[in-house]
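Student: Please take me through this structure. I would like to begin with the words I shall need.

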Amino acid sequence: MKRILPGFPLTLGFSVVYMTLIVLIPFAALAAKAFSGSWEHLWAVVTSPRVVASYKLSFGAALLASLMNGLFGFITAWVLTRYRFPGRKIIDGLVDLPFALPTAVAGIALTALYAPKGWVGSLLAKVGIAAAFNRLGIVLALVFIGFPFVVRTLQPVLVALSEEVEEAAALLGATRFQTFRRVIFPAALPALLTGITLSFGRGVGEYGSIVFISGNLPFKTEITPLLIVGKLEQYDYQGAAGIGLVMLLASFGILGLVNAVQWWSARRMNITH
Amino acid sequence: MVERPADEHYALIFMAGAIQDLTTARQSARPRRATEEGPLARWTLILLSVGFFSAFLLLPLVAVFAEGLRRGAALYFKTFTDPMVLSAIKLTLLTAAIAVPANTLFGVAAAWAITRFEFRGKQFLSTLIDLPLWVSPVIAGLLYVLLFGSQGVLGPWLQAHHWRIIYATPGIVIATVFVTFPFVARGLIPLMQAQGVAEEEAALTLGARGWQVFQRVTLPKIKWGLLYGVILANARAMGEFGAVSVVSGHISGLTNTVPLQIEILYNEYAFAAAFALASLLSLLALVTLGVKSYVEWRARQQSEQSQISPL
């Protein structure tokens with residue numbers, strides 16, 4: 001393509017320099033630090049029992065929370081796009097609250113709510129459930145953090161679904177539930193999976209909203225990002241870099257997963273058309 | 001449905017508000033009964049979603065203000081006269097005042113390069129721009145400690161020159177720049193892609209110079225999208241916790257931003273003060289969402305007008 005518009009060297013040059021300084025050089029420093037010792041030591045650090053327990057917790061809690069967000073996110077996106085009821089606009093505007101509210105604020109607010117003497121925690125305590133300073137609290141915080149992802153990826157898809165297809169299904173004798181199960185849900189599935197994966201990815205790395213509510217007990221409620229902070233506080237830079245590298249690789253894996261979902265849905269669409 | 005690379009999904013999320021007019025249009029043309037659920041199913045779903053929304057999103061927000069005002073308004077306002085709190089507010093404002101304009105400049109430049117030209121490595125640059133949305137904030141902080149910290153790669157050299165980056169203001173600013181650089185670029189790229197370059201090229205043939213084209217043609221077209229990215233970046237810059245916490249060193253009165261000061265007050269059991277300060281950030285979040293809705297509405301209006309107006 002011939003470049004007619006001006007500014008190519010300036011804008012690209014600036015972007016590349018900026019990215020190199022802010023992203024590429026620091027990533028190189030991380031890799032250099034992680035591999036500065038022996039492989040055996042690196043492996044021993046990232047597979048030590050306490051660290052493995054934190055992976056299980058971070059990934060498990062993020063998975064549970066993202067599935068819960070998938071369910072309620074779908075219902076909310078559906079209700080917001082299909083129905084009209086008082087308060088709809090307020091809900092639609094506030095769905096993004098977890099994006100806009102600083103995580104530390106969310107963290108102390110959720111802790112206050114779910115603590116044994118809090119508004120919700122006192123109710124849960126009556127039935128013998130401890131939410132704050134427990135794994136349940138971590139899941140609840142991640143539900144809060146990841147909720148907008150599912151709603152916001154589903155909304156455009158639910159709006160774009162053509163009504164004619166639903167009418168055709170009804171004309172062919174499908175009940176409303178059959179139409180949903182056979183027509184609407186398959187069309188919305190890729191967006192739903194993408195939303196769940198985004199919510200999962202955010203949950204795995206989340207820190208601010210969790211440190212207050214989790215209680216931070218090793219092997220019990222200690223998430224991986226907190227372990228990294230702990231290593232840094234003990235000036236164990238190499239250990240921190242090693243665990244950081246594992247988390248980064250996990251993030252890239254999740255990014256690959258989202259791309260796979262996109263690819264799969266695009267291919268499926270091509271076959272059906 | 002069109003194929004979308006994963007990195008455009010954040011753009012989708014950012015732009016989700018723009019679909020609301022479609023929603024309204026769908027509902028004003030009352031659909032036929034055959035494509036509607038019965039009232040029982042409908043109200044069950046509405047109650048479920050409103051219930052979930054109230055319990056999980058609204059209640060924490062209410063709790064912030066309730067806890068902040070629990071010990072009375074006098075104590076609430078007294079929080080904002082504490083010198084440590086004031087210095088935290090100053091540092092947060094300073095950080096945002098540097099990080100947001102820097103990222104705005106970067107966002108415009110990156111969006112211009114990516115949407116106006118073809119070049120090798122474009123996809124890579126796009127992926128890099130999305131990176132902070134994927135990476136844990138703690139990792140973001142860790143990156144700079146490993147680079148600039150006393151045992152970091154550049155640590156000995158910085159110490160020899162008596163420069164402090166980690167556990168000082170520069171580190172806080174850099175970490176904030178990292179977590180907020182996607183917002184402006186991500187807000188602009190889909191918008192500028194959709195708008196195309198016809199008007200810019202017309203301006204060039206009419207004799208406009210490069211800078212004039214941007215200022216007179218492009219900027220008016222993208223101003224709402226730009227503002228959108230800027231307010232989101234600003235909200236994140238003022239509220240960032242994880243990344244800043246790792247590089248700050250928590251020196252009261254010196255390297256604490258507002259979210260870090262909230263943590264300190266909370267850990268010192270000064271709950272009323274912690275929540276009072278948290279309510280300040282909650283107000284910022286609400287204002288951000290309000291401005292965001294307004295900007296989405298204006299952006300929609302603008303795109304409708306440009307479609308109607310004859311060329």
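Tutor: A residue is called buried if 20 or more other C-beta atoms, placed from the backbone, lie within 10 Å of its own, exposed if 12 or fewer do, and partly exposed in between. Helices (H or I, at least four residues) and strands (E, at least two) are DSSP runs numbered from the N terminus.

Student: What kind of model is this?

Tutor: It is a predicted model, in which local features need pLDDT of at least 70 and side-chain atom pairs count only at pLDDT 80 or more, while totals for chains, interfaces and linings use all residues. Residues are numbered from 1 along each chain as its sequence is written, and chains are lettered from A and ligands numbered from 1 in the order in which they are written.

Student: How many helices and strands does chain A have?

Tutor: Chain A has 13 helices and zero strands. Its C-alpha trace spans about 70 × 70 × 35 Å along the principal axes. Of the 273 residues in chain A, 51% are buried.

Student: And how many helices does chain B have?

Tutor: Chain B contains 15 helices, with zero strands. Of its 311 residues, 47% are buried.

Student: Which residues of α6(A) are buried?

Tutor: Helix α6(A) is mostly covered, with 12 of its 12 residues buried. Those residues are A:Thr103, A:Ala104, A:Val105, A:Ala106, A:Gly107, A:Ile108, A:Ala109, A:Leu110, A:Thr111, A:Ala112, A:Leu113 and A:Tyr114.

Student: Now the two chains together. How many residues does the contact take from chain B and from chain A?

Tutor: Two residues are in contact if their C-beta atoms, placed from the backbone, lie within 7 Å. The contact between the chains takes 90 residues from chain B and 91 residues from chain A. On the side of chain B that touches chain A, the largest share comes from helix α3 (residues 39-68) of chain B, with 16 residues.

Student: How does that side of chain B divide into nonpolar, polar and charged residues?

Tutor: It has 62 nonpolar, 16 polar and 12 charged residues. Here Ala, Val, Leu, Ile, Met, Phe, Trp, Tyr, Cys and Pro count as nonpolar, Asp, Glu, Lys and Arg as charged, and the others, Gly among them, as polar.

Student: Which domains does the assignment give for chain B?

Tutor: The assignment, which is automatic or from a database, gives domain 1 (37-68) and domain 2 (71-308) in chain B. Five residues from domain 1 of chain B and eight residues from domain 2 of chain B take part in the contact between them. The side of domain 1 of chain B that touches domain 2 of chain B has three nonpolar, one polar and one charged residues. Taken over C-alpha atoms, the centres of these two domains of chain B are 30 Å apart.

Student: And which domains are given for chain A?

Tutor: Chain A is assigned domain 1 (1-34) and domain 2 (38-272). Their centres, again over C-alpha atoms, are separated by 31 Å.

Student: Within chain A, what share of the contacts between residues at least 6 apart in sequence join residues at least 24 apart?

Tutor: In chain A the share is 76%. For chain B, counted among contacts between residues at least 6 apart, the share joining residues at least 24 apart is 76%.

Student: Which residues of α5(B) meet α12(B)?

Tutor: From α5(B), the residues are B:Thr92, B:Thr95, B:Ala96, B:Ala99, B:Val100, B:Asn103, B:Thr104 and B:Gly107. They meet B:Gly229, B:Val230, B:Ala233, B:Asn234, B:Ala237 and B:Met238 in α12(B). This contact comprises seven nonpolar, seven polar and no charged residues.

Student: Why does B:Gly229 count as buried?

Tutor: B:Gly229 is buried because 28 other C-beta atoms lie within 10 Å. Leaving aside neighbours within four places in sequence, B:Gly229 is in contact with B:Gly107, B:Phe183, B:Val184, B:Arg186, B:Gly187 and B:Leu188. The C-alpha atoms of B:Gly229 and B:Ala185, 44 residues apart along the chain, are separated by 7.4 Å.

Student: Changing topic, where does A:Tyr235 lie?

Tutor: A:Tyr235 lies in the loop between α12 (224-233) and α13 (237-272) of chain A. Its phi is near 60°, a positive value in a residue other than glycine. A:Tyr235 counts as partly exposed because it has 13 C-beta neighbours inside 10 Å.

Student: And where is B:His250?

Tutor: B:His250 is in the loop between α13 (242-248) and α14 (258-267) of chain B. Phi of B:His250 is near 50°, a positive value in a residue other than glycine. With 13 other C-beta atoms within 10 Å, B:His250 is partly exposed.
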